[in-house]
Amino acid sequence: KIARRDHHFERHSGSGNGIRFRRIESRKPTQRTAPSLHNSNSTPSRGVYEALVWGVPKKGRGLIELAIGRDTKDRKKFSARTTSPKQSASEYVVTRRYGKVAAHVLLYPRTGRTHQLRVHLTSLGHPILGDHTYGGQRVCAIDEITIPRVMLHARTLGFIHPRTGVIEQFTRSVPTDMETVMSELERETVPGENRSKK
């Protein structure tokens, strides 16, 4: 039988139309190593995401808490400007800085609201590269580097098996197009300025 969980809250996370796990897939469960997966406020299914963001957050890590819902002026977007706010929270960690133009971050959502990660990062002033909906045209290209899509990837996702109660987690490597953008950012930034401080 198939153990399935659809992750709907970030539809632009690499594979596009939600992620499905099947026991017959070749991807093997991984150990819980991400900090947020040990947090009492997190559940295994919320997993770990990674993204490339416009600009560099001032803090190397932090917790974003924001009540969000469908935007009152643009029904295709979600924001704090809403008549039906729902609490949401995400942790982030900056893992690499590309000069001052962009950064790579790991994301640990504590809740699963629609567009949550995209809205949270935008609220910091650092929308995800390629996310025209929340960041506008400016985040769709950096100098000569074209951003082909929203640079958000579901790195590790999982579920609690309904029969055994065992936590099953699956990890996927960074997609080729995202790797390409990272390599181009690496080449375009000044050496020594692109790594996060320990």
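Predicted model: local features only at pLDDT ≥ 70, side-chain atom pairs only at ≥ 80, totals over all residues.
**Exercise 1. Determine how many residues of α1 are buried, and name them.**

Solution. Step 1. Apply the cut-offs: buried means under 20% relative accessible area, exposed over 50%, partly exposed in between (1.4 Å probe, protein chains only).

Step 1. Count. Of the 8 residues in α1, 6 are buried, and the helix is mostly covered.

Step 2. Name them. They are Gln116, Leu117, Arg118, Val119, His120 and Leu121.

**Exercise 2. Describe the surroundings of Ser79.**

Solution. Step 1. Ser79 sits in strand β3 (residues 78-79). Ser79 is buried, at a relative accessible area of 14%.

Step 1. List the contacts (heavy atoms within 4.5 Å). Beyond neighbours within four places in sequence, Ser79 touches Ala67, Ile68, Gly69, Asp71 and Val119.

Step 2. Check the polar side. A polar atom of the Ser79 side chain lies 3.0 Å from the backbone nitrogen of Arg81.

Step 3. Relate Ser79 to α1. Arg118, one of the buried residues of that helix, is 39 residues from Ser79 in sequence. Their C-alpha atoms are 9.7 Å apart.

**Exercise 3. Identify the largest nonpolar core and the elements that build it.**

Solution. Step 1. Define the set. A nonpolar core joins buried Ala, Val, Leu, Ile, Met, Phe, Trp, Tyr and Cys residues through side-chain atoms within 4.5 Å.

Step 1. Take the largest. It has 30 residues, and those with the most contacts inside it are Leu52, Leu107, Leu129, Met151, Leu152 and Leu185.

Step 2. Assign elements. At least two core residues come from each of β1 (48-54), β4 (86-98), β5 (102-109), α1 (116-123), β8 (152-160) and α3 (176-188).

Step 3. Zoom in on Met151. Outside four places in sequence, Met151 contacts Glu50, Ala51, Leu52, Ile128, Leu129, Met178 and Val181.

**Exercise 4. How many salt bridges are there, and which parts do three of them tie together?**

Solution. Step 1. Set the rule: a side-chain nitrogen of Lys or Arg within 4 Å of a carboxyl oxygen of Asp or Glu. The count is 5 salt bridges.

Step 1. Take Arg110 and Glu91, paired at 3.3 Å, N to O. Arg110 is in the loop between β5 and α1 and Glu91 in strand β4, so the pair ties together parts 19 residues apart in sequence. Arg110 is buried at 15%, and Glu91 is buried at 17%.

Step 2. Take Arg96 and Glu186, with closest N and O atoms 3.4 Å apart. This pair ties strand β4 to helix α3, across 90 residues in sequence. Arg96 is partly exposed at 22%, as is Glu186 at 30%.

Step 3. Take Arg149 and Asp177, with closest N and O atoms 2.7 Å apart. The loop between β7 (145-146) and β8 holds Arg149, and helix α3 holds Asp177, so parts 28 residues apart in sequence are tied together. Arg149 is buried at 18%, whereas Asp177 is partly exposed at 27%.

Technical notes. Residues numbered from 1 in each chain as written. Heavy atoms only, no water. Helix = DSSP H or I, 4+ residues; strand = E, 2+ residues; numbered from the N terminus. Polar contact = N/O pair within 3.5 Å; in protein donor to acceptor, adjacent residues only side chain to side chain.
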